[in-house]
Amino acid sequence: MTFLDRFGTDKACLEYLRGIRWRDGFRCPACGSSKGWPTARGTVYCRGCRRQTSPTAHTILHKSRTPIRKWFVAVWWMCTQKTGVSAKTLQRELPVGYKTAWLMLQKLRRAMVREARSPLSGTVEVDESYVGGEETGVGGRQLMGKALVAIAVELDGKKVGRIRLRHIPDASGKSLVGFIADSVEKGAKVHTDDWNGYNGVRGAGYLHRVTPILGDPQRALKYFPHVHLVASLLKRWLGATHQGSVRKRHLQVYLDEYAFRFNRRRSRHVGKIFHRVIEQMVVHGPKTYNEIVKAAEIN
Ligand SMILES: [Zn+2]
């Protein structure tokens, strides 16, 4: 069955959500009763207080005026398009207003981060790279300026395995070792250059392999090919798909989106990825436009 056949109506989408939200049984958010029954509108009627609860209540879809069917299409595109989807494309295709499209994508990006994701392990290459500025200003406006991104790449034999990305305020030990500690399993082998921001890696519980690059970009490419590949793909994505329209204060959620898709690039189970994002959407609480727009600037 194709996606559109299955999720062509709001009701079908709500039923799918209902199954995820109350997969361990219904619990009424108003009175706590576990006795309820499904209605034809996709909600659940509570026998305790006689209220109806939508499976979108208190999720990121809470009180959204956009039909749920459009949300599902947006998630589907986010998961299946190799480069994701831009607000401009979503605006045109759904169709919805630009602000609505942008906000939907911001909310979805937040749903793409899994709190309990397992840390990188084995051998991990770590480096930091600037994105934005002239480089990613391919056509279009350039809103971001330069921003520093820490990149960790797990090696899968000689290939690139999973990645983690973090927008960091500077290349200090606090930023870099903090990123490693949050992203890489203790005891793993961490490979970096000899920048002094990495001096604390061993002390943080890792095997630390250091390769001096002596300020030579050719050496950097030669000894850290995997992080450089990821950095160039990331820059291309920010430039081509988003055409320099990313603001610095929102950069982290774009990095999360990129890592989410990148880490699943070899998966054949698109349906499972879709399910996972929808699941995250009903786990995450509602965020208002203002909360998202005023996300803290980190530098
Ligand atoms: Zn109730």
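These are my notebook entries on one predicted protein model.

**Entry: ground rules**

I number residues from 1 along each chain, as its sequence is written. The model is predicted, so local features need pLDDT of at least 70, side-chain atom pairs count only at pLDDT 80 or more, and totals for chains, interfaces and linings use all residues.

**Entry: the whole protein**

I looked up the secondary structure and found eleven helices and eight strands. Helices (H or I, at least four residues) and strands (E, at least two) are DSSP runs, numbered from the N terminus. Next I checked the extent. The C-alpha trace spans about 70 × 45 × 40 Å along its principal axes.

Then I looked up burial. Of the 299 residues, 37% count as buried. A residue is buried if 20 or more other C-beta atoms lie within 10 Å of its own, exposed if 12 or fewer, and partly exposed in between; the C-beta atoms are placed from the backbone.

I also looked at contacts. Two residues are in contact if their C-beta atoms, placed from the backbone, lie within 7 Å. Among contacts between residues at least 6 apart in sequence, 61% join residues at least 24 apart.

Ala, Val, Leu, Ile, Met, Phe, Trp, Tyr, Cys and Pro count as nonpolar, Asp, Glu, Lys and Arg as charged, and the others, Gly among them, as polar.

**Entry: α5 and α9**

I followed helix α5 (residues 98-111) to helix α9 (residues 251-262). Their axes come within 9 Å and cross at roughly 60°. That makes α5 oblique to α9. Axes are lines fitted to C-alpha atoms, for helices over the stretch in contact, and angles run from 0 to 180 degrees between N-to-C directions. Angles under 35 degrees count as roughly parallel, over 145 as roughly antiparallel, 65 to 115 as roughly perpendicular and the rest as oblique.

I noted the hand too: the crossing of α5 and α9 is left-handed. A crossing is left-handed if the near helix is turned anticlockwise from the far one by less than a right angle, and right-handed if clockwise.

Which residues make the contact? From α5 I listed Gln106, Arg109 and Arg110, and from α9 Val253, Tyr254, Asp256 and Glu257. By class, this contact has two nonpolar, one polar and four charged residues.

**Entry: α3 and α10**

Val75, Trp76, Met78, Cys79 and Thr80 in α3 meet Val270, Ile273, Phe274, Val277 and Ile278 in α10. I sorted this contact into nine nonpolar, one polar and no charged residues.

**Entry: two loop residues**

Is Ser54 buried or exposed? I found Ser54 in the loop between β3 (52-53) and α3 (68-80). Ser54 counts as buried because it has 20 C-beta neighbours inside 10 Å. I also checked Ser54 against Phe262, which is 208 residues away along the chain; their C-alpha atoms are separated by 33 Å.

Gly203 sits in the loop between β7 (189-192) and β8 (207-210). Gly203 has 10 other C-beta atoms within 10 Å, so it is exposed. Gly203 and Phe274 are 71 residues apart in sequence, and 40 Å apart C-alpha to C-alpha.

Most residues other than glycine have a negative phi, and most peptide bonds are trans. I looked for exceptions.

The peptide bond from Leu94 to Pro95 is cis, with omega near -15°. Pro95 lies in the loop between α4 (87-93) and α5.

Arg50 has a positive phi, near 65°. I placed Arg50 in the loop between β2 (44-46) and β3. Arg50 is exposed, because 12 other C-beta atoms lie within 10 Å.

Lys63 also has a positive phi, near 55°. Its loop runs between β3 and α3. Lys63 has 10 other C-beta atoms within 10 Å, so it is exposed.
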